[in-house]
Amino acid sequence: MYDGDIASVLITEQQINDKVTELAKQVDEDYQDAGGDLLLVGVLKGAVMFMTDFARALPQPAQLEFMAVSSYGSSTSSSGVVRILKDLDRDIANRHVLIVEDIIDSGLTLSWLLKNLSSRNPASLEVCTLLRKPDAVQVDVPVKYVGFDIPNEFVVGYGLDYAERYRDLPYIGTLDPKVYTSGV
Ligand code: 5GP
Ligand code: MG
Ligand code: MG
């Protein structure tokens, strides 16, 4: 699939599976007192693969909600100015909310999202991200669960796209520079 477009595999399918299981166990332990009231909020579209695998690996029941946001900026970096494309279908007041994210880069999108959701008065609000880049550490965004800290490279696969492609790859990899320059 996508022959020649992927320069290197950063995280294999097996490594993702193991990490998803590990994160789900950790979350399950931490939410024992939530009384089965956990609400996962996945951020479309990047977090879809992680969200669905995570929900299935989670030993306790959880409800699934999705939000779509778009941050103004180029296709490879965000500006922090966020627009809601699809809001939650339900009220999250007094719910235990766990935001499920694909990747935190500058942290600007997440920082905006946390402010927005916390104003809706959830019982608790935490973040679980599969990937985190080095710049995210500079932003004061509390992220309780992190799958992998990765280098500052543009990655695709397992939900993450470049120009809407590569989301369907089962692993996470870096793109061959020729993909950026061929004007896809
Ligand atoms: P932030 O606001 O943290 O800078 O950006 C987060 C969003 O930017 C992610 O949800 C994702 O859509 C996009 N993004 C950041 N880094 C990458 C990357 O390496 N690959 C891809 N495909 N998207 C990224
Ligand atoms: Mg995202
Ligand atoms: Mg994208």
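The model is predicted, so local features need pLDDT of at least 70 and side-chain atom pairs count only at pLDDT 80 or more, while totals for chains, interfaces and linings use all residues. Residues are numbered from 1 along each chain as its sequence is written, and chains are lettered from A and ligands numbered from 1 in the order in which they are written.

**Exercise 1.** Determine the strand order of the sheet of 6 strands, and name its edge strands.

Solution. Strands (E, at least two residues) and helices (H or I, at least four) are DSSP runs, numbered from the N terminus, and two strands pair if DSSP finds at least two bridges between them. On that basis the order is β4-β3-β2-β5-β6-β7, in an open sheet with mixed pairing. The edges are β4 (82-86) and β7 (145-149), each of which pairs on one side only. From one strand to the next, the twist averages 30 degrees, where axes are lines fitted to C-alpha atoms, for helices over the stretch in contact, and angles run from 0 to 180 degrees between N-to-C directions. Within this sheet, β2 (residues 38-44) and β3 (residues 62-71) run parallel and are joined by 7 bridges, with V43 opposite M67 in β3.

**Exercise 2.** Identify the buried residues of α1 and state how they are placed around the helix.

Solution. A residue is buried if 20 or more other C-beta atoms lie within 10 Å of its own, exposed if 12 or fewer, and partly exposed in between, with C-beta atoms placed from the backbone. The buried residues of α1 are I16, K19, V20, L23, A24 and V27. Seen down the helix axis, they fall within an arc of 135 degrees (taken from the directions from the axis to the C-beta atoms), so they line one face of α1. On the other side, Q14, D18 and E29 are exposed.

**Exercise 3.** Describe the pairing in the sheet of 3 strands.

Solution. This open sheet has the order β1-β9-β8 and antiparallel pairing. Its edge strands are β1 and β8 (155-156). Strands β8 and β9 (residues 172-175) pair over 2 bridges, and V155 has T174 in β9 as its bridge partner.
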